[in-house]
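This briefing sets out selected features of one protein model, grouped by topic. Please read it alongside the sequence and the coordinates.

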Amino acid sequence: MIPMPVVVCVLGGWCAVYLADTALKSSSSLKASYEDWLTYYGLTVSPFHMRWQTALFNRLFYSWGRWKPHLLYLWFNMGMIFGIAAMFGSVILLGKTLLQTLSQMLSESPAGQNDQMLQVVVPGVNLPISQLSYFFTAILISGVIHEVGHGVAAIREQVRFNGFGIFIFIVYPGAFVDLFTTHLQLISPVQQLRIFCAGVWHNFVLGVAGLVVLFLLPAILFPLYYTNAGALVTEVAEDSPANGPRGLFVGDLVTSLQDCPVNSVEDWNSCLGKIAVKPQTGYCIKTSVLQQLSYPSRGFKRLDGTIECCNNNSLTDVCFSYINNLNSHQYACLPARKAIEASQLCRTNVDCRKDFVPSLCVTPSLENQTRFIRVKHPPQVDMLFVGHPLHLQYTVSLSSFVPRHNFLSMDLPVVVETFCKYLISLSGALAVINAVPCFALDGQWILNSFLEATLSTLIVEKQNRELVGFLILLAGSTLLAANVALGLWVVTAR
């Protein structure tokens with residue numbers, strides 16, 4: 001569910017704005033001056049919606065729209081082709097997403113939700129509060145670039161440009177351009193397509209640019225940061241199982257998890273994923289050491305069928321299972337750190353017969369989803385973690401970039417990397433959603449212009465072409481609404 005503090009803050013803020021706006025417009029002494037003030041600054045206030053429009057940037061837009069006309073002609077022609085392809089592609093993508101959502105609802109399992117290319121984003125639910133600044137900044141930049149595309153294309157096609165503006169709807173920021181409608185209606189359908197497709201085209205280009213920056217980030221930051229040396233710990237949550245005197249600290253460089261080498265954050269996540277699904281790894285211990293460290297204890301079965309043989313409530317002892325030379329399954333309660341210190345990993349006793357010293361492969365006897373993980377972060381002593389690998393993954397923040405100098409911030413590469421990821425995701429999503437043939441979106445105007453450009457000879461009557469367009473828009477709007485409604489239900493009701 002959506003956190004109540006978020007709901008209260010949003011509703012309370014909008015109620016205060018709406019009540020103040022209503023009070024000022026109802027006041028006989030303040031109404032005229034208040035409305036003049038709104039008009040002068042280009043402000044408009046309505047329930048859950050506020051917008052600002054200005055002509056300050058008109059000269060800048062006109063300079064862009066008249067720069068290299070032939071180059072802009074080629075640029076927006078590419079955008080037109082992309083926009084038409086995106087219109088058809090968005091319908092296929094929404095259809096696939098809807099089927100995935102329905103399948104997920106029927107299976108009553110949240111698994112697979114992260115595999116969907118499109119997801120409804122609700123701040124405080126599936127969007128961490130700590131990353132709201134990335135989200136809103138990226139969506140605002142994506143919206144501005146989208147509208148810049150429309151504005152420049154309109155000026156290129158000799159359509160009058162009235163102004164540019166920014167709005168806030170509930171909590172989501174956006175942008176818009178004001179074009180002279182009469183001019184839009186007088187130009188040809190192909191010219192209209194160049195204008196209407198320019199927004200999604202610019203969003204696609206912005207997403208590709210973000211992808212290029214993300215891919216080249218190690219090279220861009222190479223003079224200041226180096227990579228492929230490990231995963232640098234940047235934050236450890238207070239309630240993290242890795243928090244403690246023998247745990248991880250900010251600035252530690254993790255180099256391996258068990259026998260899985262870690263050279264980057266991707267390796268860290270991949271190793272934890274493999275550890276979670278694979279059987280627990282064992283450790284080679286000399287028979288003499290095993291006899292010396294173990295002490296008599298009576299084992300008992302847990303609810304999941306696994307054996308627990310440590311009943312002294314110690315935080316340092318772990319129950320290990322092993323097969324002795326008589327092929328008998330045995331259990332021993334051992335001090336974990338002393339038992340596995342400098343031990344090699346193994347799966348069976350055969351793996352421990354490399355030396356001529358008698359050794360056995362002992363495996364931690366833990367609950368099914370629990371894992372015993374040795375985390376190497378030299379020069380510190382190895383951290384021994386017992387728990388679900390996801391707890392370690394979600395409570396420790398890391399970076400693949402290691403500062404070359406002490407005065408450099410460890411967070412800078414993480415900030416740039418995270419922002420690029422948000423920009424790629426949101427700019428791409430804005431391109432897909434706006435391309436959908438749906439009422440009030442760019443897809444409506446793209447579809448209408450496309451039908452006029454392609455069906456005018458096949459369907460002579462304009463009224464019949466409009467009917468075809470209306471039916472397609474109705475289907476596209478229903479498809480989008482179904483995705484949003486079911487997506488919201490999946491995100492907030494579980």
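The model is predicted, so local features need pLDDT of at least 70 and side-chain atom pairs count only at pLDDT 80 or more, while totals for chains, interfaces and linings use all residues. Residues are numbered from 1 along each chain as its sequence is written, and side-chain values use heavy atoms, with hydrogens and water left out. Helices (H or I, at least four residues) and strands (E, at least two) are DSSP runs, numbered from the N terminus.

**Salt bridges**

- The structure holds 7 salt bridges, a salt bridge being a side-chain nitrogen of Lys or Arg within 4 Å of a carboxyl oxygen of Asp or Glu.
- Side chains of opposite charge can pair when their charged atoms come close.
- One of the bridges joins Lys-25 to Asp-21, with 3.4 Å between the closest N and O atoms.
- Both Lys-25 and Asp-21 belong to helix H1, where they are 4 residues apart, about one turn of the helix.
- Lys-25 is partly exposed at a relative accessible area of 33%, whereas Asp-21 is buried at 6%.
- Arg-194 pairs with Glu-157, and their closest N and O atoms are 3.2 Å apart.
- Because Arg-194 lies in helix H7 and Glu-157 in the loop between helix H5 (132-156) and strand S3 (161-169), this pair ties together parts that are 37 residues apart in sequence.
- Both Arg-194 and Glu-157 are buried.
- A further bridge is formed by the side chains of Glu-452 and Arg-465, at 3.1 Å from N to O.
- Glu-452 lies in helix H13 and Arg-465 in helix H14, so the pair ties together parts that are 13 residues apart in sequence.

**Helix crossing**

- Helix H4 (residues 69-107) and helix H14 (residues 462-492) have axes that come within 10 Å and cross at roughly 35 degrees; the axes are lines fitted to C-alpha atoms over the stretch in contact, and angles run from 0 to 180 degrees between N-to-C directions.
- The crossing of H4 and H14 is left-handed, that is, the near helix is turned anticlockwise from the far one by less than a right angle.
- On the H4 side the contact (heavy atoms within 4.5 Å) involves residues including Val-91, Leu-94, Gly-95, Leu-98 and Met-105.
- On the H14 side the contact residues include Leu-479, Asn-483, Leu-486, Trp-489 and Val-490.

**Nonpolar surface patch**

- Phe-204, Val-208, Val-212, Val-213, Phe-215, Leu-216 and Ile-220 make a nonpolar surface patch of about 620 Å².
- Patches are made of residues with over 30% relative accessible area and no salt bridge; like charges are joined within 9 Å, and nonpolar side chains (Val, Leu, Ile, Met, Phe, Trp, Tyr) within 5 Å.
- Accessible areas come from the Shrake-Rupley method with a 1.4 Å probe, and for residues only the protein chains shown count as cover.
- Phe-204 is placed in helix H7 (residues 189-220) and is partly exposed, with a relative accessible area of 36%.

- Most residues other than glycine have a negative phi, and most peptide bonds are trans.
- Phe-48, in the loop between strand S1 (43-46) and strand S2 (49-54), has a positive phi near 60 degrees.
- Phe-48 is partly exposed, at a relative accessible area of 33%.
- Ala-440 has a positive phi of about 75 degrees and lies in the loop between helix H12 (411-435) and helix H13 (442-454).
- Ala-440 is exposed, at a relative accessible area of 70%.
- Pro-378 and Pro-379 are joined by a cis peptide bond with omega of about 10 degrees.
- Pro-379 belongs to the loop between strand S17 (371-376) and strand S18 (383-387).

- Leu-11, in helix H1 (residues 4-26), is 134 residues from Ile-145 in sequence and 29 Å from Ile-145 in space, C-alpha to C-alpha.
- Asp-317, in strand S13 (residues 317-323), is 126 residues from Gly-443 in sequence and 63 Å from Gly-443 in space, C-alpha to C-alpha.

How values were computed
Buried < 20%, exposed > 50% of the residue type's maximum accessible area, 1.4 Å probe, protein only.
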